[in-house]
Amino acid sequence: MGNVIEFWGFKRNQGRMWALLYLRGEPLTAGEIERELDLSKGGVSMLLRDLERWGVVMRVRPPSDTVWRYEAETDLVRMVTHVIAEREVGFVSRIRADLAEARRLAQNVGGVPAERLQRLEKMATLAAHVEKAIRLFIKTARLDVGGVLAAFRDEPGGGREKRR
């Protein structure tokens, strides 16, 4: 699991920690996690903080216990959509803001070829469709990439016409 998580751009030990908690099916203390994964106390603390922020691990304290314990999010769809909402939507939103600023600067400078402005606009349209598709996926667990694909086409009207 650590390798899968690492492939998605997270730390390998985040994946190992989540997998340990998920597979155990019961909350563990930070000390138990340290021993099971052979990690330092500071490393476990940082990893737990990150995983809590992503909403994939929760801190719990059973009534009969005085120590915080950690458990994995077990609803995998909720976990993935939360991470996507936090990470990908934020990333695409920043791209859209950067493209809007680039468009503003290009218009203020003047003399920028119309073709270059059109390409910049096409990039902005693509980013808007990607953000819309991600938000729709988060709401419905369905992924509609029609607008994204249309933004790649060089046809008038965004590529909606049927090709011959």
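A nonpolar core is a set of buried Ala, Val, Leu, Ile, Met, Phe, Trp, Tyr and Cys residues joined through side-chain atoms within 4.5 Å, where buried means under 20% relative accessible area, exposed over 50% and partly exposed in between (1.4 Å probe, protein chains only). The model is predicted: local features need pLDDT of at least 70, side-chain atom pairs count only at pLDDT 80 or more, and totals for chains, interfaces and linings use all residues. Residues are numbered from 1 along each chain as its sequence is written, and side-chain values use heavy atoms, with hydrogens and water left out.

The largest nonpolar core has 22 residues, and those with the most contacts inside it are Met17, Trp18, Leu21, Ile33, Leu48, Val56 and Val57. Two or more residues of this core come from each of the elements α2, α3, α4, β2 and α5; helices (H or I, at least four residues) and strands (E, at least two) are DSSP runs, numbered from the N terminus. A second, separate core of five residues includes Leu99, Ala106, Ala124 and Ala127. In the largest core, Val57 illustrates the surroundings of one member. Leaving out residues up to four places away in sequence, Val57 touches Trp18, Leu21, Leu48, Leu51, Glu52, Tyr70, Glu71, Ala72 and Glu73, contact being defined as heavy atoms within 4.5 Å.

Glu73, one of the residues touched by Val57, lies in the loop between β2 (69-72) and α5 (76-109). Its relative accessibility is 9%, and Glu73 therefore counts as buried. Apart from neighbours within four places in sequence, Glu73 is in contact with Trp18, Tyr22, Gly55, Val56, Val57, Met58, Arg78 and Met79. With Arg78, the side chain of Glu73 makes a polar contact of 3.2 Å. A polar contact is a pair of N or O atoms within 3.5 Å; within protein, one must be able to donate a hydrogen and the other to accept it, and residues adjacent in sequence count only if both atoms are side-chain atoms.

Arg78 also forms a salt bridge with Asp75, the closest N and O atoms being 4.0 Å apart. A salt bridge is a side-chain nitrogen of Lys or Arg within 4 Å of a carboxyl oxygen of Asp or Glu. Both partners are partly exposed: Arg78 has a relative accessible area of 49%, and Asp75 has one of 31%.

Tyr22, a further contact of Glu73, belongs to helix α2 (residues 12-24) and is partly exposed, at a relative accessible area of 30%. Together with Leu23 and Leu76, Tyr22 forms a nonpolar surface patch of about 290 Å² accessible area. Patches are made of residues with over 30% relative accessible area and no salt bridge, like charges being joined within 9 Å and nonpolar side chains (Val, Leu, Ile, Met, Phe, Trp, Tyr) within 5 Å. Accessible areas come from the Shrake-Rupley method with a 1.4 Å probe, and for residues only the protein chains shown count as cover.

The entry to helix α3 can be followed through two residues. Thr29 is found in the loop between α2 and α3 and, at 12% relative accessibility, is buried. Beyond four places in sequence, Thr29 touches Val67, Trp68, Arg69 and Tyr70. Ala30 is in helix α3 and is partly exposed, with a relative accessible area of 25%. Although Ala30 and Arg69 are 39 residues apart in sequence, their C-alpha atoms are 6.9 Å apart in space. With residues up to four places away set aside, Ala30 touches Val44, Leu48 and Tyr70. In the loop between α3 (30-37) and α4 (41-54) lies Asp38, which has a positive phi of about 55° although it is not a glycine. Asp38 is exposed, with a relative accessible area of 71%.

Across the whole structure, a search finds 12 salt bridges. One of them joins the side chains of Arg103 and Glu121 at 3.3 Å, N to O. Because Arg103 lies in helix α5 and Glu121 in helix α6 (residues 114-140), the pair ties together parts that are 18 residues apart in sequence. Arg103 is partly exposed at 26% relative accessible area, and Glu121 is partly exposed at 35%. Another salt bridge links the side chains of Arg119 and Glu115 at 2.9 Å, N to O. Arg119 and Glu115 both lie in helix α6, four residues apart, about one turn of the helix. Salt bridges that share partners also join Glu32, Asp65 and Arg69 into one network.
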